[in-house]
Amino acid sequence: MEKFLLDRLLRRLRQGGVKIRYWDGDERVYGPARPYLTIHYKSPAAVRGVIKNLSLGLGEGYMNGLIDFDGPIAKLIQLGDENTAAVAGFSLKALTSRPQRNHKSAQARQIQHHYDLGNDFYRLWLDRSLTYSCAYFATPADDLEAAQQHKLDHVLRKLQLQSGQRLLDIGSGWGGLLIAAAQRYGATGLGITLSREQLAGARQAAAKAGVADRVTFELMNYQDLAATSQRFDRIVSVGMYEHVGRHNHASYFAAVDRLLADGGLTVLHTISQQQELPNDPWIDRYIFPGGYLPTIAGTVAYATNHNFRLLDYENLRLHYALTLEAWLNRFESHSSQIKAMYDERFVRMWRFYLSVSAGSFRYGGLDLSQFVFSKGRRNDLPLTRDFLYQPDHEAL
C-alpha cells in the first residue's frame, strides 16, 4: 500500500526526476529528466510519514536513519519547486502540525533552543567572527571569511554611521557587527540578545578587540529595552526579525520607533517570503521554534505605519545560497567532531537543515531582504548609492 500511494503521487512529476529505492531493493524512477537524487526508504513507516506530512516525514525520517539520500539533499527543493502541483498532493495534512506560539514569555527559551548549543559548536563551521547570517560575496569565489567581512561593511555603510553616534544592535549574536562599527566608524553602542552563549562570546570578543569601553552587550528582550528612556542614532537588526513571530511584527516596529531618534536610520536584514505561508513544521519543531518568515510587502506596511520611510531595498537571495553552501561544507569537514559532541541524529538533523535551507534560497521561495528606513523625512541623504561601494571604511 505504501508503494502504491507514493507511486501515484510521484507519477505527477512534470519536471526533473527522482529515483526511489525501497527497503526490499525495488527501484523506480519518476519524472522526465535524469534523477536529481535517489531517496532510499528503509521501511514502510518512512513512506507513511512522508505521505502524512512531507516536511516532517522527510526530516524526521532522515534524522532517524529511516531515509537516506544519494545526491545533494538541496535538490529536494528544486524538485518540489518545479512540481508544485505534485507536492501539493503530499501536503494535505501539513497544517495538522501546530507551530509553536511565540509569546514574549517563550522567546528566550525559543532562542536558546538554537543559539545556546555551545560556542564551540558554532566555531567549528562559522567564520572567525562567528557571523551567523547571510554573507556578501563580491564573487562566488570569495571565501567565507572575506564574504562575512564584506557583509559587515555593507550593512554598516547602509547605516551611514558617523563617529560618536550610538548604535543599537537588536539580536547582536556574537557581536561582530557592533565591534566593527566601533573599530571602523568610531561608533558606540549596545547589543542585545536572548542567548547566554552569544552574550558571553560577544563580551569576550569586544574585550579582545579593545572596544569593551565603547560597546556593551546585554541579555535583554527588545520589548523591555523599548520601555526604557534610551534612544539611539541608528538601529540595526540582522537575522533576528525571523524570530519575532507571526503577529508580532507590528510590535517590533513600534519598539524601534520608540528607541530610534527622530531622523535616525534603521537597517533590517531578514529572511523573507513572497507570500504569507505557514511555518514549515519540521523547521518549527526542530530548528527555529516560534519563528515566522515575514513577507516583503508586510514588512514595508508595518514600517510605514510607524512613520518609517523606505530608502533602500536589496535582495541577497543568491548570497545566502552561497553562504549556506559554505557552512554546509565546513560542517561536513567537522562532522566527526560534531558527532562526538552530540550524536549521529544531531549531525543528520543539522545536515538536513543546512541542505534544505541552501536549496530554498537557490531553487525555492526564500529571499534575503535588506531594508533601509529613515524615521521621518530626511533631505540631507546622498542622492546616489555610490557611498556603498567606497574603498575605505571611513564614516560619512
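Reader: Leaving aside its neighbours within four places in sequence, which residues is Glu145 in contact with?

Author: In this predicted model, Glu145 touches Asp127, Arg128 and Arg330, once neighbours within four places in sequence are set aside. Glu145 itself sits in helix H8.

Reader: What makes Glu145 count as buried or exposed?

Author: Its relative accessibility is 16%. Buried means under 20%, so Glu145 counts as buried.

Reader: Which residues of H8 and H15 meet?

Author: On the H8 side you have Leu144, Glu145 and Gln148, and they meet Thr323, Ala326, Trp327 and Arg330 of H15. Sorted by class, that contact has three nonpolar, two polar and two charged residues.

Reader: Over in H4, which residues are buried?

Author: In H4 (residues 75–82), Leu76, Gln78 and Leu79 are buried.

Reader: How do you know which side of H4 they are on relative to each other?

Author: Check the arc: they cover only 165° around the axis, so they lie on the same side of H4.

Reader: And what covers the buried residues of H4?

Author: The cover includes strands E1 (18–21), E3 (38–41) and E4 (67–70), along with helices H3 (54–63) and H17 (344–362).

Notes
Residues are numbered from 1 along each chain as its sequence is written. This is a predicted model: local features need pLDDT of at least 70, side-chain atom pairs count only at pLDDT 80 or more; totals for chains, interfaces and linings use all residues. Side-chain values use heavy atoms; hydrogens and water are left out. Contact means heavy atoms within 4.5 Å. Helices (H or I, at least four residues) and strands (E, at least two) are DSSP runs, numbered from the N terminus. Ala, Val, Leu, Ile, Met, Phe, Trp, Tyr, Cys and Pro count as nonpolar, Asp, Glu, Lys and Arg as charged, and the others, Gly among them, as polar. Buried means under 20% relative accessible area, exposed over 50%, partly exposed in between (1.4 Å probe, protein chains only). The arc is that of the directions from the helix axis to the C-beta atoms.
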